[in-house]
Amino acid sequence: KELIERSMAPIKKEFLCPPPSSGLVQEKKSKRQLKRERREQSTINLCPQVARTEDVNSCQYKDNCRFNHDIDAFKAQKPDDIEGQCPFCAYGLSCRFLGTHRKEELNFFNKETQRLLWKNKMTFINADAKLKSLGLEVRPMKKAKDGSLKLHPREKKKLIDFRDKLYLAPLTTVGNLPFRRLCKVLGADVTCGEMAMCTNLLQGQASEWALLRRHSSEDLFGVQICGSFPDTVSRTVELIDRECTVDFIDINMGCPIDMVVNKSAGSALLNKPLRMKNIVEVSSSIVETPITIKVRTAFFEGKNRIDSLIADIGNWGATAVTIHGRSRQQRYSKSADWDYIYQCTKNASTNLQVIGNGDVYSYLDWNKHKSDCPELSSCMIARGALIKPWIFTEIKEQRHWDITSGERLNILKDFVRFGLQHWGSDTKGVETTRHFLLEWLSYTFRYIPVGLLDVIPQQINWRPPSYFGRDDLETLMMSESAGDWVRISELLLGKVPEGFTFAPKHKSNAYDRAENG
């Protein structure tokens, strides 16, 4: 009880261990030195066309190609192939598996669309007409030629029901397509792409459009966008509705990141309710795809304001609103305020579905929120899914899963397989998969196995003392050392290349091969 009051995890005594003795600390290399070493050890990037055809004359760019055409030199420095069968592949000589592949993804970025966006010739007929009718500012854009854009035929979905569905939150960096695909296997019902910035989408940035990609297994899928003004958001909504196959479009009005807030987007909109209304009204009126929004309780702690807006949000045209039970000022500290979420839910209009978000980490958390507030449509699961994606299985089967290290390793293997199918099985694809695997492992180490706890379930804010697992692999998986995460990646993707470094986005824990042996 004393440990829990201090937010310390009550680990069984037989699994506790003294903290490791600290050895000599090696001198850290500067970023400039590490960058120079990586440049010196950089590999040859073979032209994709030459790799597929094995013909140096097949590339249309010839000597102007930015890639290398020397097949023998590429083979001489190519890393050893990874054991196993290629998950799909069309990479030819570059493939680390040398296999074949088939596509199972949707929402690829149309090159003609990208060309029109680059040249500022894309038209937004519906969005601009609605903006003008409301007297809102419309920034002039050049008109595209008739017939320059081909619409994608598909059935439009006018209704969407979130009630009692397990909703995986849109998660920056780790919420990529392979991870969402994994969560679908483990029981998630609703998935949503990573947050994409409206201005980047309207500028035709391919990296931003890649965030809208959808796997065929994602049967209830939405994309999340973030923008500052009604014109940019509504044009983006119209463009996505035209170009992509999605079941809903979520507008982020709760992101706490400084870079987003400083652009008057994300949670900055909580201070501008009239602009919130205009964004939702225009966007929902120009497409049949349902529009949802995600908000926080307020911008400043102690100054909640969603309760004063919730009755009107349904009338603005939103199908659903997700409320994260923290203010922007809190970021992810302190516990989520579910009592306030319940209050807002009960004040919402009957045509608006309310989804709660914050600290759901077990099936008991899910059950409690649903029983405490029957009007709540569903709960969105974010960090809980990052730390233990099998939470969806636990909720559906109503049990605490004492998952073994072998079962966890199989889940990691599935992620790697999905990653290679998505990012490619050549060297670049392998290392991209490794990078996102490591980003994910920077969360999963926080999981404490059920069998090691004196009190279950684990709470998301518990900090564990120094402890060890029931076997070597379990102990390795609970390590907070980035070097151990890299060792796990090497079990699945082979040795890291020379000069490899890794620093997770969300914390200052890093790995450098020179320092970690």
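**View 1. Strand β2 (residues 167-168) and β11 pair in the parallel sense over two bridges.** The model shown here is predicted, with local features needing a pLDDT of at least 70 and side-chain atom pairs counting only at pLDDT 80 or more, while totals for chains, interfaces and linings use all residues. Residues are numbered from 1 along each chain as its sequence is written, and side-chain values use heavy atoms, leaving out hydrogens and water. Helices (H or I, at least four residues) and strands (E, at least two) are DSSP runs, numbered from the N terminus; two strands pair if DSSP finds at least two bridges between them. Look for tyrosine 167, which stands opposite methionine 380 in β11. Strand β10 (residues 353-357) also pairs with β11 in the parallel sense, over three bridges, and there asparagine 357 has methionine 380 as its bridge partner. Together, β10, helix α15 (residues 363-372) and β11 make a right-handed β-α-β unit. Right-handed here means that, with the strands pointing away from the viewer, the path from the first strand over the helix to the second runs clockwise.

**View 2. Both faces of strand β11 (residues 378-381) are covered.** Ser378 and Met380 lie on one side, Cys379 and Ile381 on the other, and all are buried. Buried means under 20% relative accessible area, exposed over 50%, and partly exposed in between (1.4 Å probe, protein chains only). In a regular strand the side chains alternate between the two faces of the sheet. Cysteine 379 has a relative accessible area of 0%. A disulfide is taken as a pair of cysteine sulfur atoms within 2.5 Å, and by this rule the count comes to zero. Cysteine 379 is accordingly in no disulfide, the nearest cysteine sulfur being that of cysteine 373, 9.3 Å away. Elsewhere, cysteine 192 is also buried, at 0% relative accessibility.

**View 3. Strand β7 (residues 248-253) is mostly covered, with six of its six residues buried.** Phe248, Asp250 and Asn252 point one way from β7, while Ile249, Ile251 and Met253 point the other way. To one partner, strand β6 (residues 221-226), β7 is joined by four bridges, and the two run parallel. Glutamine 224 stands opposite aspartate 250 in β7. Five bridges link β7 with strand β8 (residues 291-296), again in the parallel sense, and methionine 253 stands opposite valine 295 in β8. If you follow the chain, β6, α10 and β7 make a right-handed β-α-β unit.

**View 4. Helix α6 (residues 125-133) has Ala127, Asp128 and Leu131 buried.** Seen down the axis of α6, its buried residues fall within an arc of 95°, so they line one face of the helix; the arc is that of the directions from the helix axis to the C-beta atoms. An α-helix has 3.6 residues a turn, so residues three or four places apart point the same way. Turned away from the buried side, the face of α6 carries the exposed residues Ile125 and Ser133. The cover over the buried residues includes α10 (230-243) and α12 (273-286). Just after α6, glycine 135 takes a positive phi of about 75°. In helix α12 you will find asparagine 278, which is buried at 15% relative accessibility. Leaving aside neighbours within four places in sequence, asparagine 278 is in contact (heavy atoms within 4.5 Å) with Leu136 and Pro230.

View 5. The loop between α11 (258-261) and α12 holds serine 264, which counts as partly exposed at 21% relative accessibility. A cis peptide bond joins isoleucine 456 and proline 457, with omega at about 0°; proline 457 sits in the loop between α19 (427-444) and α20 (472-477).

**View 6. The whole chain comes to 22 helices and 13 strands.** Buried residues make up 53% of its 517 residues. Among contacts between residues at least 6 apart in sequence, 70% join residues at least 24 apart.
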